[in-house]
Amino acid sequence: MPSAFLVRNLKLLAVTGFLACVGGCNNSASDITTVKFWAMGREGEVVSELLPEFERTHPGIKVVVQQLPWTAAHEKLLTAFAGNAMPDIFQLGNTWIPEFVALNALESLEAFAHSSTTIDSKDYFEGIWDTNVVGGQLYGVPWYVDTRLLFYNRDLLKQAGFAAPPKTWDEWSRMNAGLKALVGSDRFSVLLPLNEFEPLLALALQHDEPLLRDGGRWGNFRSASFRRTLAYYRDTFKNKWAPPMTNSEISNVWAEFGRGYFSFYISGPWNIGEFKRRLPADQQSIWMTASLPGPDGPGASIAGGASLVVFRSSKHKAQAMQLIEYLSTPAVQERFHALTGNLPPRRATWRYESLDRDIYAKAFREQLERARATPKVPEWERIATEMRLVTERVIHGDIDIDQAVYELDARTDRILEKRRWMLDRGTIK
């Protein structure tokens, strides 16, 4: 038989436990829905810092985050899909969306977006929203947006006689020529690493003619627009304004920029932080960002980035969509930007002081109004790799423009062969 002392303490513990439960145990475990969320890279590291507020305002939902490395994410997602082990909600690079749509892995978010009072499609930059639309249906909500523009050396541009960065391709050519005359034979005007397809792709997207034709059935690199782009890109090397090298041949891009090895560099928003961190204090005033010049005025660029998507067979779609709404609110996006440096896809978020007063982000804000989606076929990344490989042969003088565009179309058509077969039989749309 328990002693009076033990009985008294058991009663005290019971009362204490009851009071504690009154404060924080309103929901039993059976009342709480667990939502599984997969996110990649830095985003996966920091998103957990945003979730306590969501769980506080949505007491019936608990979010479990699993972080995936970007290098393994694509294979992991495909393996999980094959094993029917996908999470409820996951981060997806927006060029991967057509592939997962073709697999019938994603839930359409069309009706959700139309009924949501939080997600306003008109507030999103048009190009980044469009990357999530396949076959007229919305399959993802943009989480952050990535585009490319010019980082440039203000001092050298001024020494070469130019007061502002270029707006057109002709202006850019004149500046490249002027900079080359200024810096001499062992330095260059612009860095266009040959192992990156993005600079050429960004310039190619500045035309209205598509890179693929007939609903993504065939390559369209023989078009007049792509020929013009490739010739412009080739001439930048031919005139020795750009060195024919990869970025792995440059040990420290920022140090080389600082010593004037090149003056223009096409890159993305992550380099705002890198230039701030890696250039010494006495060189912080020499760099600035600018929109990409276009054939006839400020040009378009890539609408990269990542989106939030819902797995089609998820049993917790409603809760997953509540999480998407929360992560899409401008205030949360502003916090997400502060944690990661990623650019918000909504115009409303850019009105926050942290972004509105950022002198380096200003050009990105302008560029995002002209961001464009890449062709929305699952095979696009393979085609972009072929574009880089063939273009490198042009720069080294192995083939000319005509040979390059015919070779690119031939390689692209082979890659798209299965797509054509499936389209002809109605297997995919």
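Which residues of α14 are buried? I started there, keeping in mind that this is a predicted model. My list for α14 reads Gln319, Ala320, Met321, Leu323, Ile324, Tyr326, Leu327 and Ser328.

Next I checked the length of α14, residues 317–328. At 1.5 Å a residue, its 12 residues should span 16 Å, and I get 16 Å between the end C-alpha atoms, so the two agree.

Then I looked at what α14 lies on. The helix goes across β1, β2, β3, β6 and β14, at about 150° to β14. I also looked up α4 (residues 70–82), which lies across β1, β2, β3 and β6 and runs at about 135° to β1.

On to the sheet itself. I read the strand order as β2-β1-β3-β14-β6, an open sheet of five strands with mixed pairing. The edges are β2 (61–68) and β6 (141–146); each has a single partner strand, so one side of each has no neighbour in the sheet. Neighbouring strands are turned by 20° against each other on average, ignoring direction.

For β6, I followed the pairing with β14 (residues 304–310): antiparallel, over five bridges. Within this stretch I noted Pro142 opposite Ser307 of β14.

Last entry, a helix pair. I found α19 (residues 401–415) packing on α20 (residues 417–424) at about 50°, axes 4 Å apart. I therefore put the two down as oblique to each other. From α19 the contact uses Asp413, Arg414 and Ile415, and from α20 it uses Glu417, Lys418 and Arg420. Sorting that contact by class, I get five charged residues, one nonpolar and no polar.

Key:
Residues are numbered from 1 along each chain as its sequence is written. This is a predicted model: local features need pLDDT of at least 70, side-chain atom pairs count only at pLDDT 80 or more; totals for chains, interfaces and linings use all residues. Side-chain values use heavy atoms; hydrogens and water are left out. Two strands pair if DSSP finds at least two bridges between them. Axes are lines fitted to C-alpha atoms, for helices over the stretch in contact, and angles run from 0 to 180 degrees between N-to-C directions. Contact means heavy atoms within 4.5 Å. The expected span of a helix is 1.5 Å times one less than its number of residues. Buried means under 20% relative accessible area, exposed over 50%, partly exposed in between (1.4 Å probe, protein chains only). Angles under 35 degrees count as roughly parallel, over 145 as roughly antiparallel, 65 to 115 as roughly perpendicular and the rest as oblique. Ala, Val, Leu, Ile, Met, Phe, Trp, Tyr, Cys and Pro count as nonpolar, Asp, Glu, Lys and Arg as charged, and the others, Gly among them, as polar.
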